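Welcome to this short tour. Please take a moment with the sequence and the model before reading on.

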Amino acid sequence: MFKLTVLPGDGIGPEVTAEAVKVLQLVAARHDLEFYVEEALMGGCAIDDCGQPLPAQTLELCRQSDAVLLGAIGGPKWDTTDPDKPRPEQGLLGLRKGLELFANIRPVKVYDALIEASTLRAEVVRGIDLLVVRELTGGLYFGASAREGDRAFDTMDYQAFEVERLIKVAFEMALKRRGRVHSVDKANVLESSRLWRETVIKVSVDYADVELIHQLVDNTAMQLIRNPGQFDVIATNNMFGDILSDESSMLSGSLGMLASASLGAQGPGLYEPIHGSAPDIAGQNKANPIATVLSVAMMFQYSFDLPEPALTIERAVDKVLADGHRTADIMSDGMKEVGTIEMGELIRAALD
Ligand code: NAD
């Protein structure tokens, strides 16, 4: 029996997680697996309930689970510039830190059926299937930082063990994919990048079957647009990964399709769509649930090492798209428009 905590969150979060959990339960039943699912509050809804974005009992429940599925958090209701007021995003940061999730994994896949959604030419993005592995708990976003009058600084601070555990995740993933890792740094300028590169080279000795390419971050930013087909796994630090993962995700052009996972050394992984709470379409049965459904597929693969249920889900999504069904965000001429609930039903029907 697996224990799953679901954090539906705000806006479209509850709509997309509801469909994804139904897919999960059906796939689990087909594969003779059992899931105990419990919901908890995180984000704006938690602030409304108890004044805190991440209540202690939510974090505790997550810690005791095998995996966590998050919808999305935030919205205009909780937007504030008052530093003393709680913000929904603090819940997400607290969760990442509380569960020690140091590796963020974002697959970017361009579906043939959706190739027109990309702003790049079809021949550039056709067949794109890459993975960005981003360090999530160190580097520039966690180093010493201060403001002194007209001066301010932030510090990119890394220790070898942080690089080592991250790059191992990237190598392991590459072994199960096309066997290529681009390690992205700025070793020509930054000392922390020279430590990064040295550590990556040391770890690579144990991964002789993986092709390792060192690339400078400015070049990677350019290559992602020029020839994204060269990439299999991109591994990089927190700040470079923040930017490159957003750039990569836009190769596909469809926010509602992209899933992510955040993993630690042990304990539960966190799975979530990359999109936000989309307050403009919340409560209207318009949200695309596919990113959250694909996050469940990632959960089977990475938390439970069960590639079969993951593949079953991915194939069902492929089929629904190939059959011409689209939510409004990915709609194009000649296709059949459906809502959130209908898309969930179609995916479940396609699981066979
Ligand atoms: P957003 O991702 O919520 O929405 C951007 C645009 O994409 C909107 O037009 C929205 O309707 C559309 N969209 C997003 N997801 C969609 C889906 N599944 N189906 C169809 N259309 C979809 O980004 P935003 O508008 O900048 O942010 C809204 C709120 O979400 C903010 O409060 C922000 O802080 C929060 N946010 C949360 C997360 C998270 O929970 N991890 C991530 C990003 C933003």
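Two residues are said to be in contact here when heavy atoms of theirs lie within 4.5 Å. Please keep in mind that this is a predicted model.

Let us begin with Arg 106, a residue of strand β4, which covers residues 103–109. Is Arg 106 buried or exposed? With a relative accessible area of 12%, Arg 106 is buried, since the cut-off for that word is under 20%. Setting aside neighbours within four places in sequence, you will find Arg 106 in contact with Leu 130, Leu 131 and Val 132, with Ser 245, Asp 246 and Ser 249, and with Ala 259, Ser 260 and Ile 274. Two of these names return when we look at polar atoms. The side chain of Arg 106 makes a polar contact with the side chain of Asp 246, at 3.1 Å. A polar atom of the Arg 106 side chain also lies 3.3 Å from the backbone oxygen of Ser 245.

**The ligand**

Now for the ligand. There are 20 residues around the ligand, and those that come nearest are Ile 73, Gly 276, Ala 278, Asp 280 and Asn 288. By type, this shell divides into 9 nonpolar, 7 polar and 4 charged residues. The table shows where polar atoms of the protein and the ligand pair up.

| Residue and atom | Ligand atom | Distance |
|---|---|---|
| His 275, polar side-chain atom | nitrogen | 3.2 Å |
| Gly 276, backbone N or O atom | oxygen | 2.7 Å |
| Asn 288, polar backbone atom | nitrogen | 2.8 Å |

How much of the ligand does the protein bury? Taken alone, the ligand exposes 810 Å², and the protein buries 67% of that.

**The cysteines**

A disulfide is a covalent bond that joins the sulfur atoms of two cysteines. How many disulfides does a search of the whole structure find? The search finds 0.

How values were computed
Residues are numbered from 1 along each chain as its sequence is written. This is a predicted model: local features need pLDDT of at least 70, side-chain atom pairs count only at pLDDT 80 or more; totals for chains, interfaces and linings use all residues. Side-chain values use heavy atoms; hydrogens and water are left out. A residue is near a molecule or strand if one of its heavy atoms lies within 4 Å of it. A polar contact is a pair of N or O atoms within 3.5 Å; within protein, one must be able to donate a hydrogen and the other to accept it, and residues adjacent in sequence count only if both atoms are side-chain atoms. Accessible areas come from the Shrake-Rupley method with a 1.4 Å probe; for residues, only the protein chains shown count as cover. Ala, Val, Leu, Ile, Met, Phe, Trp, Tyr, Cys and Pro count as nonpolar, Asp, Glu, Lys and Arg as charged, and the others, Gly among them, as polar. Helices (H or I, at least four residues) and strands (E, at least two) are DSSP runs, numbered from the N terminus. Buried means under 20% relative accessible area, exposed over 50%, partly exposed in between (1.4 Å probe, protein chains only). A disulfide is a pair of cysteine sulfur atoms within 2.5 Å.
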